Amino acid sequence: MDMLTGEYRNTLDEKGRILFPAKLRSELTGNVLVVTQSLDRCLWLFTPEEWKAVSSKLMDSASPFNEKNRLVLRRFIAPAQEIEFDRSGRLSIPQSLREYASLSKDCVLLGVNKYIELWDAESYKTYLEQSEASFRDAAEELGTIVF
């Protein structure tokens, strides 16, 4: 898998399926992704290999005897589901995850190198507007990075 990058807009059909962008699909080696809740009311999609690496790191560093750790495991690991592309290149997003991310008809897919975010288009627009000041501060903190 090379880098998964780009912003794509697509629609979710009445059965909860979304056509996956061909550009992103061409970077994948298999026919399955793992989808789970993220931190910002969107969904994160991982290749099975990347999911194994991320979830293993999380499980190795989290204790089920720690309340905060259990919360993260329940919100991130537990809802994860494997989803398979259909013959038309669509992914069927499980109902519980569609509800979590408030996915309606118009959606945004963002390639973020090792994973993909799936947003409701209106929620993503609101997120961008509300996070503008924080984005500027966060970018400023990366001032040591030189091109």
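Mentor: Two residues are in contact when they have heavy atoms within 4.5 Å of each other. Before we use that, note that this is a predicted model, in which local features need pLDDT of at least 70 and side-chain atom pairs count only at pLDDT 80 or more, while totals for chains, interfaces and linings use all residues. Residues are numbered from 1 along each chain as its sequence is written, and side-chain values use heavy atoms, with hydrogens and water left out.

Trainee: Which residues does I18 touch?

Mentor: Leaving aside residues up to four places away in sequence, I18 touches N10, T11, L12, G89, R90, L91, I93, C107, L109 and L118. I18 sits in strand β2, residues 17-19. Helices (H or I, at least four residues) and strands (E, at least two) are DSSP runs, numbered from the N terminus.

Trainee: Is I18 buried or exposed?

Mentor: Buried means under 20% relative accessible area, exposed means over 50%, and partly exposed lies in between, using a 1.4 Å probe and protein chains only. I18 has a relative accessible area of 1%, so I18 is buried. For a sense of distance, the C-alpha atoms of I18 and A139 are separated by 32 Å, and these two are 121 residues apart along the chain.

Trainee: Which residues of α2 are buried?

Mentor: E50, W51, S55 and L58 are. Seen down the axis of α2, the buried residues fall within an arc of 115°, so they line one face of the helix; the arc is that of the directions from the helix axis to the C-beta atoms. The face turned away from the buried side carries the exposed residues E49, K52, K57, D60 and S61.

Trainee: What do the buried residues of α2 pack against?

Mentor: Their partners are β3 (32-37), β4 (43-46) and α3 (67-77). Helix α2 also holds V54, which is partly exposed at 25% relative accessible area. Beyond its neighbours up to four places away in sequence, V54 touches F46 and F76. In α3 you can find L73, which counts as buried at 13% relative accessibility.

Trainee: Which residues line the largest pocket?

Mentor: On a 1 Å grid over the protein atoms alone, a pocket is an open set of points with protein on both sides within 12 Å along at least five of seven lines, a cavity is a set where a 1.4 Å probe fits but cannot get out, and lining residues have an atom within 4 Å of a point. Grid points are joined across faces, edges and corners, and a volume is the space filled by probe spheres set on the points. The largest pocket holds about 180 Å³, and Q37, S38, L39, W44, L71, V72, R75, F76 and Y100 line it. Helix α3 gives the largest share of that lining, four residues.

Trainee: How many cavities of 30 Å³ or more are found?

Mentor: The search finds one, and the largest cavity has a volume of about 40 Å³. Its lining consists of L28, T29, G30, V32, L33, T47, P48 and E49. The elements giving two or more residues to this lining are β3 and α2.

Trainee: What should I look for in the backbone angles?

Mentor: Most residues other than glycine have a negative phi. R41 is not a glycine, yet its phi is positive, about 60°. R41 is found in the loop between β3 and β4 and counts as partly exposed at 45% relative accessibility. N113 also has a positive phi, near 70°. N113 lies in strand β7, residues 106-113, and is partly exposed at 34%.
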